[in-house]
Amino acid sequence: MTAFVDTNVLIRHLTGDPPDLAARATAHLAAADELLLPDLIVAETVYVLESFYEVPADEVARLVRSVVAYPPIRTLDPALLLRSLEVYETHRIDFAEAYLVASAEATGIPDIISFDRSIDRVTTARRIEP
């Protein structure tokens with residue numbers, strides 16, 4: 001069966017919280033043939049792990065990499081997500097900004113219009129303040 005996977009299933013699996021839902025999530029992931037993982041769900045998973053579960057950025061990156069690498073998981077552009085995680089982890093910027101930087105790199109359009117100065121930490125993109 002091919003299906004989209006939601007954030008709450010990934011969070012239950014990755015955190016083991018609560019145990020009964022985590023067991024169901026893990027069993028379903030283990031039995032899946034193909035799961036479609038939208039980029040938005042990756043971003044939400046990062047956010048929930050960081051904010052609610054207070055998981056450190058390097059551990060968030062490791063956990064999400066394991067999800068992206070899981071054989072049944074299909075994403076639109078796994079290389080873009082992996083680069084986003086690398087920028088997020090290395091430069092300690094929010095995942096959304098890291099995704100913008102990775103997108104800028106991938107498209108060859110280096111300019112990002114943003115008020116977020118954390119983007120300035122990354123030299124492969126240029127932040128333009130409106």
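Trainee: At roughly what angle do the axes of helix α1 and α3 cross?

Mentor: The axes of helix α1 (residues 7–15) and α3 cross at roughly 45° and come within 9 Å. Axes are lines fitted to C-alpha atoms, for helices over the stretch in contact, with angles from 0 to 180 degrees between N-to-C directions. Helices (H or I, at least four residues) and strands (E, at least two) are DSSP runs, numbered from the N terminus. This is a predicted model, where local features need pLDDT of at least 70 and side-chain atom pairs count only at pLDDT 80 or more, while totals for chains, interfaces and linings use all residues. Residues are numbered from 1 along each chain as its sequence is written, and side-chain values use heavy atoms, without hydrogens and water.

Trainee: Which word describes how α1 and α3 lie to each other?

Mentor: In general, two packed helices are described by the angle between their axes and the distance between the axes. Angles under 35 degrees count as roughly parallel, over 145 as roughly antiparallel, 65 to 115 as roughly perpendicular, and the rest as oblique. α1 and α3 are therefore oblique.

Trainee: Which residues of α1 and α3 meet?

Mentor: Contact means heavy atoms within 4.5 Å. T7, L10, I11, L14 and T15 of α1 meet I41, E44, T45, V48 and L49 of α3. By class, this contact of α1 with α3 has six nonpolar, three polar and one charged residues. Ala, Val, Leu, Ile, Met, Phe, Trp, Tyr, Cys and Pro count as nonpolar; Asp, Glu, Lys and Arg as charged; the others, Gly among them, as polar.

Trainee: How do α1 and α2 pack, and at what angle?

Mentor: Their angle is about 105°, and the axes are 8 Å apart. That makes α1 roughly perpendicular to α2. V9, R12 and H13 of α1 make the contact with L21, A22, A25, T26 and L29 of α2. The residues of the contact of α1 with α2 divide into five nonpolar, two polar and one charged.

Trainee: What is the angle between α3 and α5?

Mentor: Helix α3 (residues 39–51) and helix α5 (residues 78–91) pack at about 25°, with axes 11 Å apart. So α3 is roughly parallel to α5. On α3, D39, V42, V46 and E50 meet L81, L85 and Y88 of α5. The contact of α3 with α5 has five nonpolar, no polar and two charged residues.

Trainee: In what order do the strands of the sheet stand?

Mentor: Two strands pair if DSSP finds at least two bridges between them. Here three strands form an open sheet in the order β1-β2-β3, with parallel pairing. β1 (2–4) and β3 (73–74) are at the edges with a single partner strand each, so one side of each has no neighbour in the sheet. Two bridges join β2 (residues 34–36) to β3. L36 stands opposite R74 in β3.

Trainee: How many salt bridges are there?

Mentor: Side chains of opposite charge can pair when their charged atoms come close. A salt bridge needs a side-chain nitrogen of Lys or Arg within 4 Å of a carboxyl oxygen of Asp or Glu. The count comes to nine. One of them joins R83 and E86, at 3.1 Å from N to O. R83 and E86 are three residues apart in helix α5, so about one helical turn separates them.

Trainee: Where are P18 and E54 found?

Mentor: Most residues other than glycine have a negative phi, and most peptide bonds are trans. The peptide bond from D17 to P18 is cis, with omega near -20°. P18 lies in the loop between α1 and α2 (19–31). E54 is not a glycine, yet has a positive phi of about 55°. E54 sits in the loop between α3 and α4 (57–69).
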